[in-house]
Amino acid sequence: MEQNPFLTRVRYRIYIFVWIGLCGLTAATVFAASEHLPAWGIPIAIAISGTQAFLVINYFMHLRHDRRLRLIKLIFPVALAILVIVIGLTFVDELFRH
Amino acid sequence: MRKETETDMVRHTEQRSVGYTGTRIGMWLFLISEILLFGGVFFLYAVYRYKLSADFKTASGELNLAIGTGNTLILITSSFFITIAVAALPKGNRTLSIVALIVTMLLGLVFLFNKYFEWTAEFHRGFYPDSAKLLTRSTGEVLFFGLYFTITGLHGLHLFIGICVVAVMLILITRGRLTEDHFVPLENAGLYWHLVDIIWMFIFPLFYLIS
């Protein structure tokens, strides 16, 4: 079976960097929550989790280096965007209902 | 039987290539459907947190932040090891792949053990769905714990399935069914494991870190 060319070329070093980054971001999100910033709590938490997900998808799941999965590169963000739009529109509806 | 001509070989290679990409596209589509499954619960969470934010904050204070943070780091590390396992096999490093898969499984089990102790402690303190103590608290707190047990339970179930899948991959590698030329099931198992990790990255701040 044909191999994913990236998998035979990749160096383990990049995984170590990503792992350190993910642990650092976990520490950052715990620290941010301890700072008591009520208005910014959710946006900061979502931004950090989103960055972690971005790192995992691109490096651990190799989507960044995979030339054959261009369609998935498009579909994955679209699926996330649909989720954000659905949740966002619900709040807009809630805002204008009363 | 006639000898395989060059054209036949090219055709076979092309078919295998399509099969390889197709198998992974199938896996990615399944993962996207999983996002929408968990998305539904996060959607509920968003609505109730918006309406009952003070109650959610109080209820979140009842969770064990140390276990939550520890489990996050455990799951991130397990994702790192399964990436090593997936990358090592195509390079022909079968032993490293096996060791990394065993470590991944062990970390997954440690996560579930922690979750077991965490839930047990919460049950002892009277926090479980429909408990007499919980029902005396505010609506927001009841909803928070309902969502917490639903989503962490669903996530735990996914992780348990992930551990079983990794165990199967381990058997397939040791039996020589997965090799440096045929490893797409291992790659897909890795993709599934990472998704379970990503979902936890969102569960953790939304339930444990409400400031």
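**View 1. Helices from chains A and B line the largest pocket.** In this predicted model, helix H3 (41-60) and helix H4 (70-97) of chain A each supply at least two residues of the lining. So do helix H1 (6-51), helix H2 (53-60) and helix H7 (184-208) of chain B. H4(A) gives the largest share of the lining, 9 residues.

**View 2. The centre of the largest pocket.** The volume of this pocket is about 1200 Å³. Its lining counts 38 residues. Closest to the centre are A:Ile46, A:Val84 and A:Ile87 from chain A, with B:Phe202 and B:Leu206 from chain B. By class, the lining has 28 nonpolar, 7 polar and 3 charged residues.

**View 3. Helices H3 and H4 of chain B cross.** The axes of helix H3 (residues 65-88) and helix H4 (residues 94-124) of chain B come within 8 Å. They cross at roughly 160 degrees. An angle over 145 degrees counts as roughly antiparallel, so H3(B) and H4(B) are roughly antiparallel to each other. Their crossing is left-handed.

**View 4. Residues in the contact of H3(B) with H4(B).** On H3(B), the contact is made by B:Ile67, B:Asn71, B:Ile74, B:Leu75, B:Thr77, B:Ser78, B:Phe81, B:Ile82, B:Ile84, B:Ala85 and B:Ala88. H4(B) contributes residues including B:Leu96, B:Ala100, B:Leu107, B:Phe111, B:Lys115 and B:Glu118. The residues of this contact divide into 15 nonpolar, 6 polar and 2 charged.

Technical notes
Residues are numbered from 1 along each chain as its sequence is written. Chains are lettered from A and ligands numbered from 1 in the order in which they are written. This is a predicted model: local features need pLDDT of at least 70, side-chain atom pairs count only at pLDDT 80 or more; totals for chains, interfaces and linings use all residues. Side-chain values use heavy atoms; hydrogens and water are left out. On a 1 Å grid over the protein atoms alone, a cavity is a set of points where a 1.4 Å probe fits but cannot get out, and a pocket is an open set with protein on both sides within 12 Å along at least five of seven lines; lining residues have an atom within 4 Å of a point. Grid points are joined across faces, edges and corners, and a volume is the space filled by probe spheres set on the points. Helices (H or I, at least four residues) and strands (E, at least two) are DSSP runs, numbered from the N terminus. Ala, Val, Leu, Ile, Met, Phe, Trp, Tyr, Cys and Pro count as nonpolar, Asp, Glu, Lys and Arg as charged, and the others, Gly among them, as polar. Axes are lines fitted to C-alpha atoms, for helices over the stretch in contact, and angles run from 0 to 180 degrees between N-to-C directions. Angles under 35 degrees count as roughly parallel, over 145 as roughly antiparallel, 65 to 115 as roughly perpendicular and the rest as oblique. A crossing is left-handed if the near helix is turned anticlockwise from the far one by less than a right angle, and right-handed if clockwise. Contact means heavy atoms within 4.5 Å.
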